[in-house]
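Let's walk through this structure together, one piece at a time. Have the sequence and the 3D view open as you read.

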Amino acid sequence: MQEFIEPPFDALNASGDVPADYRAGFVAIIGRPNAGKSTLLNALLEFKLAIATHKAQTTRHQILGILNEESHQMIFLDTPGIITPEYKLQESMMQAVSRSTKDADVLLHLVDATRLADEERVWNYMRSSGKPAVLVINKVDAAKEGEVTAIKEVCTSVFAYRAVVEISAEQHTGLDELKKSLGEVLPLSPPLYPPDQLSEHPVRFFVSELIREQIFLQYAQEIPYSCTVTISSFKEEDKMDHIHAEIIVNRDSQKGILIGKGGLKLKKLGTKAREQIEQLTGKKANLQLFVKVREKWRDKESYLRGYGY
Ligand SMILES: Nc1nc2c(ncn2[C@@H]2O[C@H](COP(=O)(O)OP(=O)(O)O)[C@@H](O)[C@H]2O)c(=O)[nH]1
Ligand SMILES: [Mg+2]
């Protein structure tokens, strides 16, 4: 696995052998829930960095992924899908979107080709950031004839995009053209991160995300939206990591659902999450899960801050 946390990088010192036309900058991937933003980030990096499921609102944080190519460095910011927030957790998710659009040099507006939907909220973020944007139409593998053209017409009549690209994030098509279009909009700059770095989150962050992903995959209805995961201890050894993780639920009744009869559901969750963690770290993991009730954590500022939102 590549390095995650690095000391602050001295770009100027490292720029000695960088060509004069090298470009680098931040690309915020924004759009409605389920457009395929996290799938696209993983496809671009050829690495599973962001969790992605069929359920909306899987992504809760700004996730940064770094793509290094010969002529440019693109720092992608995956973001939660843009919605109208209904509770404090969702407000903090929308703040992550605002932050990303402010940090970005270029906005990548991702739309789902199979669902012509109202993009007005997304355009509002784009307008208030004032950043150049590229329209990226995703899921062309599943779109019916005419859908792509219709979306293109609607979107380009509302917003002056620098380019329009059609892709399938799942099937990895159109990605070269996408990188080329983004490259043309990025500013001239030496690299901003060391070329061997893939992200800036610590490994334990990705571990908690992989557990959260399994909760999204294995539980129904409100359960995924009511849980968060924290890592209470993470001990690394040469051949094995020992990880204690807490799953926080919103209400007492959810604890039983999570654990299941005879603890079977939690056991299955632990097994699947452990497999994913082992793929990420490349070594064995000993994962222990604990379930805790924190009444209405999603609405309490102090809990939200403690859980990293
Ligand atoms: N058919 C098809 N499905 C896709 C494509 N990209 C993403 N998806 C699916 O769309 C759903 C949402 O993806 P995700 O990346 O989590 O969306 P996000 O909410 O925008 O981050 C998942 O079930 C993906 O498998 C694509 O190119 N084609
Ligand atoms: Mg996502």
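Which strands does helix α7 lie across? Keep in mind that you are looking at a predicted model. Helix α7, made of residues 203-218, lies across β7 and β8, and the helix runs at about 135° to β7.

Those strands lead us to the sheet itself. Strands of a sheet pair through backbone hydrogen bonds, either parallel or antiparallel. Here, three strands form an open sheet in the order β7-β8-β9, and the pairing is mixed. Strands β7 (228-236) and β9 (284-293) sit at the edges, each pairing on one side only. On average, neighbouring strands of this sheet are turned by 20° against each other, direction ignored.

Now follow β8, which covers residues 240-249. Ten bridges join β8 to β9, and these two strands run parallel.

Let's turn next to ligand 1. Which residues are closest to ligand 1? They are G36, K37, T39, A52 and E170, out of 20 residues that surround the ligand. Helix α2 (residues 37-45) provides the largest share of this shell, with three residues. Sorted by class, the shell around ligand 1 holds eleven polar, five nonpolar and four charged residues.

How values were computed
Residues are numbered from 1 along each chain as its sequence is written. Chains are lettered from A and ligands numbered from 1 in the order in which they are written. This is a predicted model: local features need pLDDT of at least 70, side-chain atom pairs count only at pLDDT 80 or more; totals for chains, interfaces and linings use all residues. Two strands pair if DSSP finds at least two bridges between them. Helices (H or I, at least four residues) and strands (E, at least two) are DSSP runs, numbered from the N terminus. Axes are lines fitted to C-alpha atoms, for helices over the stretch in contact, and angles run from 0 to 180 degrees between N-to-C directions. Two residues are in contact if their C-beta atoms, placed from the backbone, lie within 7 Å. A residue is near a molecule or strand if its C-beta atom, placed from the backbone, lies within 6 Å of it. Ala, Val, Leu, Ile, Met, Phe, Trp, Tyr, Cys and Pro count as nonpolar, Asp, Glu, Lys and Arg as charged, and the others, Gly among them, as polar.
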